[in-house]
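Reader: Could we go through the strand and helix packing of this model together?
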Amino acid sequence: MRRLVKGLPRLARAWDHRMSMLKTMVTQLIEKERIRTTLPKAKALRRVADRTIGLGKEGTRTAWDRACGIVRTDAERHKLFTSLALRYRDREGGYTRVVRTGHRERDAAPMALIELVDRPGE
């Protein structure tokens, strides 16, 4: 019998594909600070992104090594541990915001914007 395991939603993908997709999306979110995706992906990404920004705030060598397994590029890793860590140093959590934007025209999938809070120019 299959048991429900708490964790990230399945998103109709195998575990390795799902984790690869979320790691890529975290890297894109750090780079662009706002991305548009489907609502279930945005909700799953929010958990991974908040934990990754927490690693950037921690600032230790162990946190850097763990972030290397999530953030794909060196430029975004550097941004995570410098500018984002400074931006969120006084915030305890809730580094991302999910805003519903309606439905996709082709298949009526619910769409959302996920963005980092306290962005410059907000």
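**Strands and helices**

Author: Strand E3 (residues 110-116) is joined to E2 by seven bridges, and the two run antiparallel. Strands (E, at least two residues) and helices (H or I, at least four) are DSSP runs numbered from the N terminus, and two strands pair if DSSP finds at least two bridges between them. This is a predicted model, in which local features need pLDDT of at least 70, side-chain atom pairs count only at pLDDT 80 or more, and totals for chains, interfaces and linings use all residues. Residues are numbered from 1 along each chain as its sequence is written, and side-chain values use heavy atoms, leaving out hydrogens and water.

Reader: Which residue of E3 is the bridge partner of Val98?

Author: Ile114 is the bridge partner of Val98.

Reader: And what is the strand order of the sheet?

Author: The order is E1-E3-E2, in an open sheet of three strands with antiparallel pairing. Strands E1 (34-38) and E2 (96-103) stand at the edges with a single partner strand each, so one side of each has no neighbour in the sheet.

Reader: Turning to the helices, at what angle do H1 and H2 pack?

Author: Helix H1 (residues 15-32) and helix H2 (residues 39-58) pack at about 70 degrees, with their axes 9 Å apart. Axes are lines fitted to C-alpha atoms, for helices over the stretch in contact, and angles run from 0 to 180 degrees between N-to-C directions. H1 and H2 are therefore roughly perpendicular (65 to 115 degrees).

Reader: Which residues of H1 make the contact?

Author: Met21, Leu22, Met25, Val26 and Leu29 of H1 do so, where contact means heavy atoms within 4.5 Å.

Key: Angles under 35 degrees count as roughly parallel, over 145 as roughly antiparallel, 65 to 115 as roughly perpendicular and the rest as oblique.
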